[in-house]
Amino acid sequence: MFGLPRLLFNEEHELFRQSVKEFIAREITPYNSEWEKKKMVSRESWLKLGENGFLGIQAPEELGGMNIQDFRYNAILIEELGLSGCSGPAIGYPLHSDIVMPYILHYGNEETKKKYIPKMVSGEYIGAIAMTEPGAGSDLQGMRSTAIDHGDYYLVNGSKTFITNGYLSDVVVVAVKTDPSKGAKGISLIVLDNSMKGYTKGVPFEKVGLHAQDTCELFFEDVKVPKENLLGKEGDGFKYLMHELAQERLVVSLAAIALGEYMLQATVEYVKQRKAFNKSISDFQNTRFKLAEMTAALEQGRIYCDQLVILHNDKLLDPAMASAAKYNMTELQCKVADECVQLHGGYGYMWEYGVARAYADARVQRIYAGTNEIMKELIARKILK
C-alpha cells in the first residue's frame, strides 16, 4: 500500500491497535484452521475476548463495558480481524458487539439490559440477530414468524435461517410480526435466549466459505417470551432495523476492505518469491499492473471508509452512504479475491493458502446485510428523493 496518512486515529488508538494485534496473533490466528474444521470458533475464545475488554466496549460501565462511544476503537477491532485473514472471526465477533448489542442497548428496558449485556460483554453470552427466513430474505416485510400477545407474554412461532453466530448463540434479537395485517408497521423486535422452551437450533450449515462461522437455522414452536423482552415499542421494529442497519453495513464494509488488504499483501509476498521462466513473477508487467490496480482501488476504498467512520462518530452517517460503502467495498473485495487467486496460479486454489480461503469467504459479503442489488436501490432512492 502507499501508506497514505490516516488522519482519524491518534496515539491512544494506535496503542489499542497494538494490543488488538497481539491478541489476534496469540489467541485467534493459531486456532483458525481448527475452528474451520469444527465449523465454529471456540467458546473459550469469546471468554478471552471478554477478559481483554474487546467485546461491547461501548456498553456503560455499570453493565460491564468501558463506555467508549468512539467508534474508531470498534473500527480498529474490525480492521485488525480482517487483516488477520481469519474471515469467520472477522464477521462473528463484530456482529455480536456492533450489530446485536446496539439493539439491546438502544431499545431494551433496564431489566433486559441488566439481564443480557454484562454477560455479552464478558463473553459468557454470545449474541445473534435473526431477520432472514426461508421465504423472506431482503424483503423483511415478507417474514412470517409471529409473536402473538397473550397478556403477560408473547407466543412466538416460526423459523429463521442463515443466522450468523446462530449455533453458539445464547441470546438472539428476533424480528417478528406482532400484527401480520399491518405490513412493515406490524414488525417488532424481541429478545429470546436459550432458556426458553420451544426454541431450538439446526446444525451448522455446510457453507462454501466462512467455515469458522456457526451459521444455522433457528426454530420457534410456541415459545413464551416475557413482555419485558420486547425491544422498544410494538410495531416499531422495522424502523429500528432501518436505523441500525447503517452501522451494520459500515461494519461489513470495514471488514471487506481489510480482508481485501490482507489478500493483496499475501499476494505481494507470494509473487516476489514465486519463479516462472527463470524470473520472479513480480517482474512480469501483468503482475505489476494487477498489483497497482488493486492497491489504488483499496487505498481509495479505505479513505472512503475512514470518512464514514468519522461521520458515524458525529452521528452523521447517512443510510445511503453506508449502502454505497457496503456495495462498493464488497464488490472490490470479491474482485481482489479473484485477481489474487489468479496471481497465485494453481496454488491459489489450494485451501492451505490464505487467498483460497479468502476467495471462498468473500462471496457471501455481497449477499448478507442486504444484497448489493438492494444497496443500489437504497442509493437510487436517495438520489431521486
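Predicted model: local features only at pLDDT ≥ 70, side-chain atom pairs only at ≥ 80, totals over all residues.
I started with the aromatic cluster: Phe-16, Phe-23, Phe-54 and Tyr-73 form one. I counted rings of Phe, Tyr and Trp (its six-membered ring) as paired if their centres lie within 6.5 Å.

Ground rules next. Residues are numbered from 1 along each chain as its sequence is written, and side-chain values use heavy atoms, with hydrogens and water left out.

**Aromatic pairs**

I looked up the number of aromatic pairs; the count is 13. One of them is Tyr-31 with Trp-35, a stacked pair at 6.1 Å centre to centre, with 25° between the planes. Planes under 30 degrees apart count as stacked, over 60 as edge-to-face and the rest as tilted. Tyr-347 and Tyr-353 are tilted: 5.6 Å between centres, 50° between planes.

I then checked accessibility. My cut-offs were under 20% relative accessible area for buried, over 50% for exposed, and partly exposed in between (1.4 Å probe, protein chains only). Tyr-31 is partly exposed at 34%, while Trp-35 is buried at 3%. Tyr-347 has a relative accessible area of 36% and is partly exposed. Tyr-353 is partly exposed too, at 24%.

**Charges over rings**

Here I required NZ of Lys or CZ of Arg within 6 Å of the ring centre and within 35 degrees of the ring normal. Lys-279 lies over the face of Phe-284, 4.6 Å from the ring centre. Lys-227 lies over the face of Tyr-154, at 5.3 Å from the ring centre.

**Strands**

Tyr-154 took me to the strands. I used DSSP runs numbered from the N terminus: strands (E) of at least two residues, helices (H or I) of at least four. Two strands pair if DSSP finds at least two bridges between them.

Tyr-154 has Val-225 in β7 as its bridge partner. Strands β3 and β7 (residues 216–226) are antiparallel, paired over eight bridges. On β3 (residues 153–163) I also found strand β2 (residues 146–149), antiparallel and joined by four bridges. Ala-147 has its bridge partner in β3 at Val-156. I traced the β2–β3 hairpin: three residues lie between the strands, and Gly-151 in the turn has a positive phi of about 90°. Strand β6 (residues 199–201) pairs with β7 over three bridges, antiparallel. There Tyr-199 has Phe-220 in β7 as bridge partner.

**Helix α4**

How many residues of α4 are buried? I found 11 of the 13 buried, so the helix is largely enclosed by the rest of the structure. Among them are Phe-71, Tyr-73, Ile-76 and Glu-80. I listed contacts (heavy atoms within 4.5 Å). The cover includes α1 (11–27), α5 (87–107), α7 (237–273) and α8 (285–313).

Helix α4 (residues 71–83) reaches 18 Å from first C-alpha to last, close to the expected 18 Å. I took the expected span as 1.5 Å times one less than the number of residues. Gly-85 follows α4 and has a positive phi, near 80°.

**Cysteines**

I searched for disulfides (cysteine sulfur atoms within 2.5 Å). The count is zero. Cys-340 is in no disulfide; its nearest cysteine sulfur, that of Cys-334, is 12 Å away. Cys-340 is buried at 0%. I checked Cys-216 as well: buried, at 0% relative accessibility.
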